[in-house]
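Open the model in your viewer and keep the sequence panel beside it. The tour starts at a pair of helices and then moves to a sheet.

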Amino acid sequence: MSQHTRALTEFLAGLAYKQIPEPVLARTEDLFLDWLGSALASAGSHPIPLFERYAQKMGPADGPARILVNGQSSSAYFAALVNAASSHLVEQDDLHNSSVLHPATVVFPAALAAAQDLGKSGRELLVASVAGYEAGIRIGEFLGRSHYRIFHTTATVGTLAAAVAVGKLMDFDQQQFTHLLGSAGTQAAGLWEFLRDAADSKQLHTAKAAADGLLAAYLTADGLTGAQNILEGEQGMAAGMSRDAEPSKLSDRLGTRWALAETSFKFHASCRHTHPAADALLVLMQREGLRADDIASVTTRVHQGAIDVLGRVTVPQTVHQAKFSMGTVLGLIALYGKAGLTEFHSHALSDPRVGEFREKVSMTLDPEVDGAYPARWLGRVEVTTADGRTLHGAIDEPKGDPGNTLSRAELEDKFRRLVQFSAARSDDEAGALIDTVWRLRELQRLDALA
């Protein structure tokens, strides 16, 4: 085992509630509420009912953990499976920039389900979640940009992040965390090819990551061993899944740099790669007083990761695929001033003006933007107007980034809108859930989070 993997596992084993700064604990509560809203927002939307039916068929009729979208109880494994699938559908879950990882949708489903199963407290859930974020983000950074080009990092690294969160609930020592990473890492999978076909694999990715991470932890607790050097070994994850792995990222400032606090919230209901350009276009249109009809063309200047992911979608066939279409997102921004759940479901595919605007949009690789990525996601657009002018828009921090974050009031508003969208909970129930999350540290059990 390398010094960096050892440092990471020693940090995870020793992490205690009292070591975590108050702002990090508060941020974890913010992220949890944001995740909960994403999970509830997809109630009834394809393909989530497929996962619900699978859990009903293969899982127990009752259990200690709760499936959020339908309120049914099940085992921790199947609750984690469905909750992770549901929280990655509406594209409103969080993202950590430099690891290009969506931590919430894999960490919280596994941690909450296991905490309900094991009778853990809110404080224990918070510590476990911090552990999952800190490990997952560093492993994602370690695997580098080349990994993300082929592999969906939230699926691969997400398996290890989920496993770590559950392992922390079980008070694993350093050796157990080493075995845990081995068993989680050997299951890690998830490929981007699904985007070309508008397939449903993205929800399968997060479902399996959370459930397989939980599986690895429960088996490790019972004595299952795993590879001792799964991250850096000759036949480990970096060897098979990366060309630019940096082992030092695994132990980067452990205990002083709280990577969880760097995580961004999603403002628009679309792939995060579209957000910088969307914000830059919105700023430009407001500054210049432009309407959609005033725009002849838009060139978005982007990083290579955006081209790799968004370039696979030309004419979107489903609402979910539309969220990975730069032109569709910018069309909604130009025509409606926002790209939220309502705009996507009501206009993305049915409004011909959105399709017409999509054809005006192109992406080009920009050296400045690409050089800053993934640590910073810069937004740069060049607009040619119908009367022949060339205008430029730029933003350095998309709405939701740590330097341009959402306040608790904004997070509460977002949560209510997400829940209203699916009608998964009443307004009163939504308010009660918000209050429960803000009291998470006081809860001795987590049955109220249902």
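Select helix 1 (residues 3–14) and helix 8 (residues 174–185): their axes come within 8 Å and cross at roughly 120°. Axes here are lines fitted to C-alpha atoms, for helices over the stretch in contact, and angles run from 0 to 180 degrees between N-to-C directions. Helices (H or I, at least four residues) and strands (E, at least two) are DSSP runs, numbered from the N terminus.

This is a predicted model: local features need pLDDT of at least 70, side-chain atom pairs count only at pLDDT 80 or more, and totals for chains, interfaces and linings use all residues. Residues are numbered from 1 along each chain as its sequence is written, and side-chain values use heavy atoms, with hydrogens and water left out.

Now show side chains. From helix 1, Arg6, Thr9, Glu10, Leu12 and Ala13 meet Gln174, Phe177, Thr178 and Leu181 of helix 8. Contact means heavy atoms within 4.5 Å.

Strands pair if DSSP finds at least two bridges between them.

Zoom to strand 3 (residues 295–302). It pairs with strand 4 in the parallel sense over five bridges. Pick Arg301: opposite stands Thr364 in strand 4.
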